[in-house]
Amino acid sequence: MSEHSTPEAGTDYDTRRIEDTWSGYWEKHRVFAPLDDGSLPRRYVLDMFPYPSGDLHMGHAEAFAMGDVVSRYWLHRGYDVMHPIGWDSFGLPAENAAIKRDAHPAEWTYRNIDTQRESFKRYAISVDWDREIHTSDPEYYRWTQWLFLQFYKNGLAYRKDSPVNWCPKDQTVLANEQVVNGLCERCHTPVTKKSLNQWYFKITDYAQRLLDDMTELEGHWPERVLAMQRNWIGRSEGAHVTFLIEGAPAEGADAADTSGREVTVFTTRPDTLYGATFCVVAADAAIASEIVAPEQAAALAEYREQVKALSDIERQSSDRDKTGVFLGRYAVNPLTGEKLPVWASDYVLADYGTGVIMAVPAHDQRDLDFARAFDLPVRTVLDTGEEDPAETGVAANGDGTLVNSGPLDGLPKAEALDKAIEIVTEAGTGERHVNFRLRDWLLSRQRFWGAPIPIIHCPSCGEVPVPEDQLPVRLPEDLRGEQLAPKGQSPLAAASDWVNVSCPACGGPAKRDTDTMDTFVDSSWYYLRYASPKDETGPFERAAVDRWLPVDQYVGGVEHAILHLLYSRFFTKALYDFGLVGFTEPFKALLNQGQVLNGGKAMSKSLGNGVDLGEQLDEFGVDAVRLTMVFASPPEDDVDWADVSPQGAQKFLARAWRLAQDCTADPAAPFADGDKALRSATHKTVADAEQLLDAGKFNVVIARTMELVNAVRKAIDSGCGPADPAVREAVEAVTILLSLVAPYTSEDMWHLLGHEDSVVRAPWPTVDPALLVEDTVTAVVQIKGKVRDRLEVPADITDEDLEAAAMGSPAVQRLLADATVRKVIVRAPKLVNIVV
């Protein structure tokens, strides 16, 4: 350790000197590399890995400071901690930057990784750099492709034609989760619909398990994240009911066929079947064009073109006027035999349920709006006590009693639901069914910078998986700049030397799949790779995964609640079913951090309110910025940089650092010989910190540490003095507490105190319960309900002694001189209330 000079007494607190002294020390000495030898209980802390879009920003500073508190605390508590880092390095920004710069995306990506890596090292996060991964490395995406093939072999990866979300600017498909308020989440362009043949993961097979297993996460994940996932999965109980569309071609039959088409409708309200007065088909669903009468085909085609320009959000908006086209067909109600006109409209979505609904306008507002727009009948079948919807234009949605419903008349809603399902089940025209809002995960992307889908398309053999010994299917290195520009198909399609291959099955001419995978596939398993990042025999070593996983503490933003977190849960369950892992939930506990704002608004170039992290670090020092981030608010709350003071944090750190410089107590002197009052303050602070850290109240830990710093300074300057053993005990406790947020300052303090090793490995101070007992307390004396005096009394004082002390108080005697005491209420040791 001779290369790290310890400052001599009298040296001022100099952040630059301190950072230069300890920069690189922890990595060189592999302080944060886990032992992984079984000698200590293991803990796995993981921050959501960053995207290399430039240098670190203020959001990174907050997020990684929070995860670091947990990691460092667990190290002090004697755990063997794995805290790795890597980069989510595939994605559109790199591709767009390459187009703009006439470069290959790898050049921009790895240059930014180098920049961020150096900034992370300066920020002194407690990670094991030997475990670094990048999802764009062939050594990584080889295993992303291998995992895709496992999903494919197990029937969880498939292709189908369907209307998909299409971003006209990025010229690529988006999953439902990547469309926010009708806009592309990346470029904010309005999203349209396009029919394409795409790859999907069958996440819907896991919908119920994803819901059920949330019970394991309750109390360990933020409730709002669980609520968001529950809402997205969207479980609905109801029935599948079969309607016959008269005169339409049967499924799979020639267009001239008129035998009729059976269609299945999902409804959560089968009890209202008698109130159905028309059916609606999603205008962009394939079935609409299959059943339309010839005379209405042109009108439907024109309407479908209009629908393409609408997002799902717009289509389902209650504020839009209802539009639609009559398909020239009638569906037969299986309960009544009534013929219901069949319409196509944009307010029904092709991928929800079956894409066909029975419309009950009296009891559904959107159906009622449509009925009124096209003068369709409205029939009340549920007496809720509300006015007639046909007159008011307001649907009756409440509970009530069934009317105009044949055998269901007089039944309350709950009984009528079961009875209606019983009737259609016995008739063979329906059955009880559970539906989910969750759709299968669309993973095809028509872009270059992603993991190629390892499938070969052969005219003779069909879809043929790339043999595992030929993985990875590497991206070509000679495409760059304008060759990557969006053209409606993947840039890989134009790389003929790459596309054209021999079929692995028959040897004939074939073509590679030219789509790449959604980058959320890469991040759905990266937490597993960290356990054995250099393994060349598989995506991860099972024994290492069994030792370290699931992740004990995951840290990241709430914006990932639906996408990354849901996908990772799905991946883990699928891998469990494949026999690759031994657990079904990837993250035991989740900590969400808030945003860093400026002046109440998110930082952005357009608003001109951005704050440069590098400049803040230069001006105030790393530790002051880190401490400010943690002290500003609870982790889950937003931090407004306009309301905080890194300068104040810097002054506090200087004040704390001087304690170590001023302490002259003999390191060998027993702490028990020290000043009891200061020792009590120290042990209470440490005990409070333990509880607060376990509860995620990191900011309050800083506040308690500040109080202890003040107590130590007072003891040094006007109390027991700097040579008292209690001062050394307190300063060492302060140093360990500060090491959670201020690594440079605390390391310097630790060595000023004469220690040879790193503060990171210092054991957490042991709390003596005897020192937590209050010797004295402050008792309040009230007269007529108003506080008139405060007395320092023994904590175990009796009611009688406390009353005597209060009545003997000069202040009380003065106030009672001319009064008659009617009653004295005593609640030892805290309160005396004198009634006059």
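Reader: Which residue in S2 is the bridge partner of Arg42?

Author: This is a predicted model. Strand S1 covers residues 42–47, and three bridges join S1 to S2. The two strands run parallel. In S2, Arg42 has as its bridge partner Asp80.

Reader: In what order do the four strands of the open sheet lie?

Author: The pairing in this sheet is parallel. Its edge strands, each pairing on one side only, are S2 (80–82) and S27 (590–592). Neighbouring strands are turned against each other by 20 degrees on average, direction ignored. The order is S2-S1-S26-S27.

Reader: Which residues are closest to the centre of the second largest pocket?

Author: This pocket has a volume of about 580 Å³. Its lining consists of 20 residues. Those closest to the centre are Phe266, Thr268, Ile357, Asp364 and Arg366.

Reader: How many residues in the lining of the second largest pocket are nonpolar, polar and charged?

Author: The lining has 20 residues, with Phe266 and Asp364 among the closest to the pocket centre. For this count, Phe is nonpolar and Asp is charged. By class, the lining holds four charged, seven polar and nine nonpolar residues.

Definitions and conventions:
Residues numbered from 1 in each chain as written. Predicted model: local features only at pLDDT ≥ 70, side-chain atom pairs only at ≥ 80, totals over all residues. Heavy atoms only, no water. Pairing = 2+ DSSP bridges. Axes fitted to C-alpha atoms, helices over the stretch in contact; angles between N-to-C directions. 1 Å grid on protein atoms, 1.4 Å probe; cavity = no way out; pocket = protein on both sides within 12 Å on 5 of 7 lines; lining within 4 Å. Points joined across faces, edges and corners; volume = space filled by probe spheres on them.
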